[in-house]
There are 2 protein chains.
Amino acid sequence: MRMSQFFLPVLKENPSEAQIVSHRLMLRAGMVRQASAGIYSWLPLGWRVLQKIEQIVREEQDAAGAQEILMPTMQPAELWRESGRYDDYGQEMLRIKDRHDRDMLFGPTNEELITDIFRHSVRSYRQLPQNLYHIQWKFRDEVRPRFGVMRGREFLMKDNYSFDIDYDGARRSYQKMFVAYLRTFERMGLKAIPMEADTGPIGGDMSHEFIILADTGESEVHCHADFLDFSVAGDVDYDSDLSSIIEHWTSRYAATDEKHDAERFEAKVPADRRISTRGIEVGHIFYFGTKYSAPLGATVTGPDGQDIAVEMGSYGIGVSRLVGAIIEASHDDDGIVWPDAVAPFNVGIVNLKAGDAACDEAAGHIYRTLSDHGLDVLVDDTEERAGSKFATMDLIGLPWQLVVGPRGLKSGQVELKNRRSGERVELSIDDALSRVSTA
Amino acid sequence: MRMSQFFLPVLKENPSEAQIVSHRLMLRAGMVRQASAGIYSWLPLGWRVLQKIEQIVREEQDAAGAQEILMPTMQPAELWRESGRYDDYGQEMLRIKDRHDRDMLFGPTNEELITDIFRHSVRSYRQLPQNLYHIQWKFRDEVRPRFGVMRGREFLMKDNYSFDIDYDGARRSYQKMFVAYLRTFERMGLKAIPMEADTGPIGGDMSHEFIILADTGESEVHCHADFLDFSVAGDVDYDSDLSSIIEHWTSRYAATDEKHDAERFEAKVPADRRISTRGIEVGHIFYFGTKYSAPLGATVTGPDGQDIAVEMGSYGIGVSRLVGAIIEASHDDDGIVWPDAVAPFNVGIVNLKAGDAACDEAAGHIYRTLSDHGLDVLVDDTEERAGSKFATMDLIGLPWQLVVGPRGLKSGQVELKNRRSGERVELSIDDALSRVSTA
């Protein structure tokens, strides 16, 4: 992509409405634009990141055996009356009347709708387990939307729902998602720590939040420093017993403020390993048994011919929120520092003298070579001055910058900068290409 | 994917609510389920088709130089008051009040919102042309939603918007989209005919609808039979002059009922080349100049320093409607006949005796080999009887069926069936594999 054609409305000034760094940087880097309070349009740079995050979520869901569907944004109120949540859910639910005066709502979550699909589609225990997910925009009418996409009103969420014949099955489904979540966040370059959590309006009695540590987090969290070195490296066989992975990741103290027990924390964690900071919730998993299947009549015929209400769980990842959360966890004074897996482009080429034959040729050669290697490349071919080009590249945070200028080219050299480390080296074009391609 | 695990709730009976074949087949094949009138959940089989269609649309938009963004579903009413459309737009617009009593709406289209983004982002004619698209769910509160996804209330649309400094630029943008649309529909195996059209509520003075011929279409259309042999084969250089392609595709008579002129039709088209039938609109492109840019103040500074309202066009493809339209154009008495490019799976393997060691091994071998070739494969490993398996495979319409049974395997043979032609041949496994892989 050529910067001269790319729709990238960067801001020179810090927008006054942004209170936290991710909101500020997303506006400055031209990633999003507010349509109205808590509702954003995703511009090309932001949309590329959102799609990369969505694709990682999708691949890890598929790997864990979940199947993708798409439920609509608009839901009929009747279903929520069946579950009893229509009146319970407060003003955060956006209630709508259609032209025939029927009560509708913009789905804030999908337990009712998926249970309705299930009860009309599955009849026998032999068709279980099932796990269905979708990645869809939700709406929660926050009284005071803030922090950009971190606490917006219209937000993209991956939610899925598991259906099992009994508690043991439901527990296995829960464990699969637990592991899938660890893998999902690790692929994005995040350290997400599973913490026991309250179940809130979803209900249920087994629940974990996945929390990223960040000073700007919405709530206090407390955990053992060992988590910072944990990893779910390697392939996972989802048909195998996953208990050992779960045990490993729940073997240390980790709790959100609601669940925090200071005495236990001090007893379990040595003083120099205690982390008390703030956290951002990026995922939440629940087991809630028959809370929805019983009132909505989602039953299957069991082996003995009797009808059994299915055991359910639900699992959410805040896809659009993750864009902000990743920036909160990965930025510096100059701008965003994207982890490779979610970067909007892998490489940014800075052509210091667009219009100069040698510079244009070298930049073009580098662009084509890296693109042919399957990398996403942005080339700054504008006539901005060098300082402004460097500032924009740092702001938008691509992992590698490759600077092409007339002076270096005289000796066949370009400058390669790693955005995260800040390291700069002069290299021949071929060496720079191979360094970036094999990174 | 194994059928025994796949969420595929096929119906044995014809659903009584479905009046047209695509609606009936989509329900029977477990592709969608109605959530409420005109609002559907997309189940795994339908979702796969929708994603394939979406990806073809995306690739052809990118190839033509459009850039992808995503605007939200919920829009503020203020913008529509600025353009004057808030009061004009009838009851099809879903109007909503949020918890602070602010007027919102579920976007039925996006001219206002994109113009708002543009006016805050682009200042100079040097940043033109721009063409931004998004693929987003829209809502139109049809008084009588019907025909399944063909005339739903919540529907997926690709819409984009071009911005140019003058009429000549706008015309070029229009031509690029005209050609991109021809290529998009041709890749899906459709014959879409561009017809001059009324501009309706979008406004403007240059407009084409892209229409598929089908008996069940919503409106009468009239065209020259030559169109049935037209093609936009080969690569298109979007930087070249596209006039000859446009001229070719507008050189014959083609008109929707609103624009139809019976006298001209008879004068221009020999009697044996006249087609008068019904059509399904799958795309619509408009040039409308400064209709939105002028009232919303979307101006750029021109070469002479003066502010100029930009020349705009908008371009829509009904992505979810296409799923129904393709079925209307491609089915038989037994079910759907998917064109290769949009088929949910390329190949269906029918294992006639699941549980038999030889059958399972052969089916597994075929499955892995084809998957390694990058094909999407569904294997029926259930214990249904053969007749039921064949009926389901025909119903869901995968291009190839590969039947593995104990009798054939004794002589190392499997049966390969082409869904469209109905042709069946007995082949060795290797021959069947190479036939399907190279198709």
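Among the contacts in chain A between residues at least 6 apart in sequence, 73% join residues that are at least 24 apart. The coordinates are those of a predicted model, and every value here should be read with that in mind. Chain A contains 14 helices and 23 strands, and 49% of its 439 residues count as buried. Its C-alpha atoms fill a box of roughly 80 × 60 × 40 Å along the principal axes. The radius of gyration of chain A is 24 Å, which agrees with the value near 22 Å that a compact globule of 439 residues would have.

**A three-stranded sheet in chain A**

In chain A, an open sheet of three strands has the order β4-β6-β5, with antiparallel pairing. Because β4 (74-76) and β5 (94-97) of chain A each have a single partner strand, they stand at the edges of the sheet, and one side of each is left without a neighbour there. Neighbouring strands of this sheet are turned against each other by 40° on average, when direction is ignored. Three bridges join β4(A) to β6 (residues 103-106) of chain A, and M74(A) has F106(A) as its bridge partner in β6(A).

**Y40(A) and its surroundings**

Strand β2 (residues 39-42) of chain A holds Y40(A), a residue that is buried, with 24 other C-beta atoms within 10 Å. Leaving aside residues up to four places away in sequence, Y40(A) touches V32(A), R33(A), Q34(A), A35(A), V149(A) and G152(A), together with P72(B) from chain B. R123(A), by contrast, lies 83 residues from Y40(A) in sequence and 41 Å from it in space, C-alpha to C-alpha.

**Contact between the chains**

Contact between the two chains involves 38 residues of chain B and 38 residues of chain A. On the side of chain B that touches chain A, the elements giving two or more residues include the strands β1 (32-36), β2 (39-42) and β7 (130-139) and the helices α2 (44-63) and α5 (111-121) of chain B. By class, this side of chain B has 23 nonpolar, nine polar and six charged residues.

| Strand pair | Sense | Bridges |
|---|---|---|
| β19(B) and β21(B) | parallel | five bridges |
| β21(B) and β22(B) | antiparallel | four bridges |

Within these pairings, Q401(B) of β21(B) is the bridge partner of G348(B), while W400(B) stands opposite N418(B) in β22(B).

Which residues of helix α14 (residues 429-437) of chain B are buried? They are A432(B), L433(B) and V436(B), and they lie on the same side of α14(B) because they cover an arc of only 100° around the axis. These buried residues of α14(B) pack against β19 (347-351), α11 (357-372), β21 (400-404), β22 (413-418) and β23 (424-428) of chain B.

Note on methods: Residues numbered from 1 in each chain as written. Chains lettered and ligands numbered in written order. Predicted model: local features only at pLDDT ≥ 70, side-chain atom pairs only at ≥ 80, totals over all residues. Buried ≥ 20, exposed ≤ 12 C-beta atoms within 10 Å, placed from the backbone. Arc of directions from axis to C-beta. Contact = placed C-beta atoms within 7 Å. Rg over C-alpha atoms; globule rule 2.2 N^0.38 Å. Pairing = 2+ DSSP bridges. Axes fitted to C-alpha atoms, helices over the stretch in contact; angles between N-to-C directions. Nonpolar A, V, L, I, M, F, W, Y, C, P; charged D, E, K, R; others polar.
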